[in-house]
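Hi there,

Have it open while you read, if you can.

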Amino acid sequence: MKVETNVRPGRSKFVLLLRNMGNAFRTFWMLGVKYPWVKHKGFVRIPYNTSMWSPHKDITFGRKVQLGKKCLIQCDVEFCNYILTANNVAFVGKDDHITSIVGKLIWDSGRSDSKKTYVGNDVWIGHGAIIVAGVHIGDGSIIAAGSVVVKDVEECTIVGGNPARFIKNRFEKEEDKTRHLQYLKQLFP
């Protein structure tokens, strides 16, 4: 299989130019005006209907990160590079509220918010997935649509379900996985 570009077949260079200009403005609006505390290192595509909040104002985007429509970020998170996130994906807190104080209502017990999420390089997250704060999603991983990720995801694996479990390796051969991870390390030292 030979793939040279991520541009849709039949799309003119003019349409591509208009889309790039629109995305540049949207990124400026979302990360420069609406959420100026969010850090980013390169191209990021964030729809207007994405909602972001972080207890420690600690959200970082690497290069070429694309969020789908109606995504929700409600925790501290670091996105590495070349990440595709489908529509309606939620990154939610794990320890938002303290629940272990006897004789105190959860409402009055304060907040913890100490878990940070990490999304590695070359990751694809499917529609409607929920990522619970504090998990580490390894490089080259795929999260199936509708999954609820509550534990770390190994490199180059595909997980799915509620709670998300190992489905299969992304590559059939271990040597292919090794070569892919070496390739990623060369791209992102």
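This is a predicted model: local features need pLDDT of at least 70, side-chain atom pairs count only at pLDDT 80 or more; totals for chains, interfaces and linings use all residues.

Valine 44 sits opposite valine 65, a residue of strand 5. Strand 2 and strand 5 (residues 65-66) run parallel and are joined by two bridges. They belong to an open sheet of seven strands with mixed pairing, in the order 2-5-8-11-14-16-17. The edges of that sheet are strand 2 (44-45) and strand 17 (165-169), each of which pairs on one side only.

Next, the backbone. Most residues other than glycine have a negative phi, and most peptide bonds are trans.

- The peptide bond from asparagine 162 to proline 163 is cis, with omega near -5°. Proline 163 belongs to the loop between strand 16 (157-160) and strand 17.
- Tyrosine 82 is not a glycine, yet has a positive phi of about 55°. You will find tyrosine 82 in the loop that lies between strand 7 (76-79) and strand 8 (83-85). Its relative accessible area is 39%, so tyrosine 82 counts as partly exposed.
- Asparagine 88 is not a glycine either, and has a positive phi of about 60°. The loop between strand 8 and strand 9 (90-92) holds asparagine 88. With a relative accessible area of 33%, asparagine 88 is partly exposed.

Now to the interior. In soluble globular proteins, nonpolar side chains tend to be buried together. In this model, the largest nonpolar core has 32 residues, and Phe61, Phe91 and Ile125 have the most contacts inside it. Helix 1 (13-34), strand 4 (59-61), strand 7 and strand 11 (123-125) are the elements that give two or more residues to this core.

Which residues does phenylalanine 61 touch, if we do not count those up to four places away in sequence? The list includes Leu31, Val38, Val44, Ile46, Met52, Leu67, Ile73, Phe79 and Cys80. Lys39, His40 and Lys41 are also among the residues that phenylalanine 61 touches. Note that Val44, the valine opposite valine 65, is one of these contacts of phenylalanine 61. Ring pairs also link Phe61 with Phe79 and Phe91 into a cluster.

On aromatic rings in general, a pair is described by the distance of the centres and the angle of the planes. The structure holds five aromatic pairs. In one of them, the rings of phenylalanine 25 and phenylalanine 28 have their centres 6.5 Å apart and their planes at 45°, so the pair is tilted. Both of these phenylalanines lie in helix 1, three residues apart, which is about one turn of the helix. Phenylalanine 25 is partly exposed at 48% relative accessibility, and phenylalanine 28 is partly exposed at 49%. Tyrosine 35 and tryptophan 37 form an edge-to-face pair, at 6.3 Å centre to centre and with 85° between the planes. Tyrosine 35 is buried, with a relative accessible area of 10%.

How many disulfides does a search of the whole structure find? The search gives zero disulfides. For cysteine 71, the nearest cysteine sulfur is that of cysteine 75, 12 Å away. A disulfide needs the two sulfur atoms within 2.5 Å, and cysteine 75 is likewise in no disulfide. Cysteine 71 is buried, with a relative accessible area of 1%, and cysteine 75 is buried too, at 2%.

Last, have a look at threonine 117 in strand 10 (residues 116-119). Is threonine 117 buried or exposed? With a relative accessible area of 0%, threonine 117 is buried. Leaving aside neighbours within four places in sequence, the contacts of threonine 117 include Cys75, Asp76, Val77, Glu78 and Phe91. Ile131, Val132, Ala133, Gly134 and Val135 are also among the residues in contact with threonine 117. The C-alpha atoms of threonine 117 and alanine 133 are separated by 5.1 Å, although the two are 16 residues apart along the chain.

Technical notes:
Residues are numbered from 1 along each chain as its sequence is written. Side-chain values use heavy atoms; hydrogens and water are left out. Two strands pair if DSSP finds at least two bridges between them. Helices (H or I, at least four residues) and strands (E, at least two) are DSSP runs, numbered from the N terminus. Buried means under 20% relative accessible area, exposed over 50%, partly exposed in between (1.4 Å probe, protein chains only). A nonpolar core is a set of buried Ala, Val, Leu, Ile, Met, Phe, Trp, Tyr and Cys residues joined through side-chain atoms within 4.5 Å. Contact means heavy atoms within 4.5 Å. Rings of Phe, Tyr and Trp (its six-membered ring) pair if their centres lie within 6.5 Å; planes under 30 degrees apart count as stacked, over 60 as edge-to-face and the rest as tilted.
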